[in-house]
Amino acid sequence: MTRPFDDTTRRNIAERCAAFARLPASEPAPALKRAAVAIALTEAADAADGTAVLLTLRAAGLRAHRGQWALPGGRCDESETAVKAALRELHEELGLELGEDNVLGWLDDYPTRSGYLITPVVVWAAAGAVISPNPEEVASVHRIALFDIERTDAFDFVAIAESTRSVIRFRHAGQFIHAPTAALIYQFREVLAGRDTRVAELEQPVFAWK
């Protein structure tokens, strides 16, 4: 089902986020550092496809997770809230300058194998918002229509020898996008459907553990 990029869709998603029973925030384990990402909603590349979420491919020159799919985001600065960090990173990576009035809600924190506790922040970008990716951080930007993440076959779960937990994968354009990105998108898909689905135990592939 296509979700038009309009005020009605914005209100509906904000209501779904408000109704989501987010797990209480807690201090991360000593080994984990705070981070935040933006689930940034904007108009799809083809206006007929309605609302889309922005995904990036990380630049090849980055020290960590180079060339991987990601939501815009990064580590929180000292004393910085998750919202402020997500908005700052969105601006630094994609040139999108949004304020806290653009925030629709939050999802559950997700602990990564590489040592971060990620808070996903759902934000709404205005129609016609100009995206100017920073080439030092972003190789390319992709608008994934919401109906693509809501397909029944969009996600699958596979077993690996290195873990008892299931690895989640999001299938897009003939490729697999893995956790943490896939896990966060999956929970957002579930929020859109009105379900309080937890994802912290969904596994990442081994290549993302460092």
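A charge sits over a ring if NZ of Lys or CZ of Arg is within 6 Å of the ring centre and within 35 degrees of the ring normal. The legends below describe close-up views of a predicted model.

**View 1. Charged side chains over aromatic rings.** Lys33 lies over the face of Tyr116, and the distance to the ring centre is 4.7 Å. A second example involves Arg169, whose charged end sits over the ring of Phe176 at 3.7 Å from the centre of that ring.

**View 2. The stacked pair of Phe5 and Trp124.** A pair of aromatic rings is described by the distance of the centres and the angle of the planes. The structure holds four aromatic pairs. One of them joins Phe5 and Trp124, which are stacked, with 4.6 Å from centre to centre and 5° between the planes. Distant parts of the chain are linked by this pair: Phe5 belongs to the segment before helix 1 (7-19), Trp124 belongs to strand 7 (residues 116-124), and the two are 119 residues apart. Phe5 and Trp124 are both buried.

**View 3. The edge-to-face pair of Phe157 and Tyr186.** The ring centres of Phe157 and Tyr186 are 5.6 Å apart and the planes stand at 80°, so this pair is edge-to-face; the cut-off for that class is an angle over 60 degrees. Here too, distant parts of the chain are linked, since Phe157 is in strand 9 (residues 155-160) and Tyr186 is in helix 4 (residues 181-192), 29 residues apart. Phe157 has a relative accessible area of 40% and is therefore partly exposed. Tyr186 counts as buried because its relative accessibility is 13%, and buried means under 20%.

View 4. Which residues do ring pairs link into a cluster? The members are Phe155, Phe157, Phe170 and Tyr186. Phe155 has Phe170, in strand 10, as its bridge partner. Strand 9 and strand 10 pair in the antiparallel sense, over five bridges. These two strands form a hairpin, with two residues between them. In a regular strand the side chains alternate between the two faces of the sheet.

View 5. His172 lies in strand 10, which covers residues 163-172. Is His172 buried or exposed? His172 counts as buried because its relative accessibility is 16%. When neighbours within four places in sequence are left aside, His172 is in contact with Trp69, Ile144 and Ile177.

Terms used:
Residues numbered from 1 in each chain as written. Predicted model: local features only at pLDDT ≥ 70, side-chain atom pairs only at ≥ 80, totals over all residues. Heavy atoms only, no water. Phe/Tyr/Trp six-rings, centres within 6.5 Å; stacked < 30°, edge-to-face > 60°. Helix = DSSP H or I, 4+ residues; strand = E, 2+ residues; numbered from the N terminus. Buried < 20%, exposed > 50% of the residue type's maximum accessible area, 1.4 Å probe, protein only. Contact = heavy atoms within 4.5 Å. Pairing = 2+ DSSP bridges.
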